[in-house]
Amino acid sequence: MTTHTICSVTDLIGHTPLFSLQHPLIPANKKLLLKLEQFNPNFSVKDRTALGLIQTAMNSGKLHPGGTVIESTSGNLGKSLAMLSASMGFRLIVVVDPKVSHNSLNWFKSYGAEVEVVSTPDVNGGYQKARIDRVKALLEKYPGAYWTNQYDNPDNPNYHEMITSQEFINIPVDMMLGSVSTGGHFGGIVKGVKKVHPKTLSMACDVAGSAIFGEPFHPYLLNGLGLSWKAQNTDLAIFDFLNNVSDQDAISLCRLLARDIGLLLGGSSGVVIFSALVALRLPEINSVLAITPDSGINYLEQFYDDDWLVEKGVIPLSKEQLEIRLSCNADKFYEEMIIHDEI
């Protein structure tokens, strides 16, 4: 057996494993595959996004070694950019909000990144717009700095369409599911896959409370997905279906799978897998591929902590309660599909 030796951190990114989930919540004779993005070096799909944004900026001359990069991030992209700043030689300033964990702050700083914390929410009660305002102020302070701008930079979805989607085009399933926030990784992957397999369905997933799908914004607990507005990179027209999942449903499923399967998943992964289990309860869907964005290692002091759940007023659901929720969601979803088809 030949051992493949690599010499760059960037070579560790991508080619994540495909996991066939076996669990009683999966309907009989149906298949749920998980693309486990937590096996990237910083435990999330954002390693791919960061690499695509930085490589494109360097190739275009917008960023040079030793230059300054600024980005607004709830955590994972900041970790990925921080890792690349150390390995590729650029200065990084990460703009975060109070929802970021102490663990994440130390993560950024361990790679040598600088951190700016925005403590006042925007008029909608969220922090994303307030973080963007801080980024713009920093760009004025540091002329020549490069804003990766994961929300609106077309290099984000373009990279995933051209590169990341290649890992998905040979996986035959009825439907693909992924989370949306910036619209980058899942939107790009769907575009790339549909070029080859136009009949493969797609479902974009988000946390209830997010405004991305056009519903009124209200605060939610999960990090790493959702926005108080819709980013320019999010093209909802490319998705066949949209689905929101509550904090309670996603958190309960993550905690259940950790104990039943041994997979420690992040909240956005819970949103996607819950949506996948709903999809598998539809008669037309027999196999699905869920892109699970990150690991639960980032949330051990949050929804994997019993005291945190009590503080936030979240009551974890049992497997039986989740089964009822999934069935109710599937019935509602199927009714909406029929109405949509009739229209």
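This is a predicted model: local features need pLDDT of at least 70, side-chain atom pairs count only at pLDDT 80 or more; totals for chains, interfaces and linings use all residues.
# Notebook: a look around the model

Helices here are DSSP runs of H or I with at least four residues, strands are runs of E with at least two, and both are numbered from the N terminus.

Residues are numbered from 1 along each chain as its sequence is written, and side-chain values use heavy atoms, with hydrogens and water left out.

**Helix 7**

I checked the span of helix 7 (residues 247-260). The expected span is 1.5 Å times one less than the number of residues. For these 14 residues that gives 20 Å, and the end C-alpha atoms are 20 Å apart, so the two agree.

Is helix 7 enclosed or open? It is largely enclosed by the rest of the structure, because 10 of its 14 residues are buried. Buried means under 20% relative accessible area, exposed means over 50%, and partly exposed is in between (1.4 Å probe, protein chains only). Among the buried ones I noted Asp-247, Ile-251, Cys-254 and Arg-255.

**Cores**

Next I looked up the nonpolar cores, which are sets of buried Ala, Val, Leu, Ile, Met, Phe, Trp, Tyr and Cys residues joined through side-chain atoms within 4.5 Å. The largest has 50 residues, and Leu-32, Val-288 and Phe-303 have the most contacts inside it. Helix 8 (residues 267-279) gives the most to this core, with eight residues. Another core, of 32 residues, lies apart from it and includes Met-176 and Ile-291.

I then listed what Phe-303 touches, where contact means heavy atoms within 4.5 Å. Leaving aside neighbours within four places in sequence, its contacts include Ile-251, Cys-254, Arg-255 and Trp-308.

**The sheet**

In what order do the six strands of the open sheet run? I read 1-2-10-7-8-9, with mixed pairing. Strands count as paired if DSSP finds at least two bridges between them. Strand 1 (18-20) and strand 9 (241-245) are at the edges with a single partner strand each, so one side of each has no neighbour in the sheet. Strand 2 (residues 31-36) and strand 10 (residues 287-292) run parallel and are joined by six bridges. Leu-36 sits opposite Thr-292 in strand 10.

**Two buried loop residues**

Thr-182 is in the loop between strand 7 (175-179) and helix 6 (185-196). It counts as buried because its relative accessibility is 3%. Its side chain makes a polar contact of 3.4 Å with that of Asn-156. Such a contact is a pair of N or O atoms within 3.5 Å; within protein, one must be able to donate a hydrogen and the other to accept it, and residues adjacent in sequence count only if both atoms are side-chain atoms.

Leu-63 is in the loop between helix 1 (46-60) and strand 3 (68-72). It is buried too, at 3% relative accessibility. Residues it touches include Ile-54, Phe-90 and Tyr-146.

Most residues other than glycine have a negative phi. Asn-29 has a positive one of about 65° although it is not a glycine, and it counts as exposed at 80% relative accessibility. I also found Phe-43, with phi near 70°, in the loop between strand 2 and helix 1. Phe-43 is partly exposed, with a relative accessible area of 28%.
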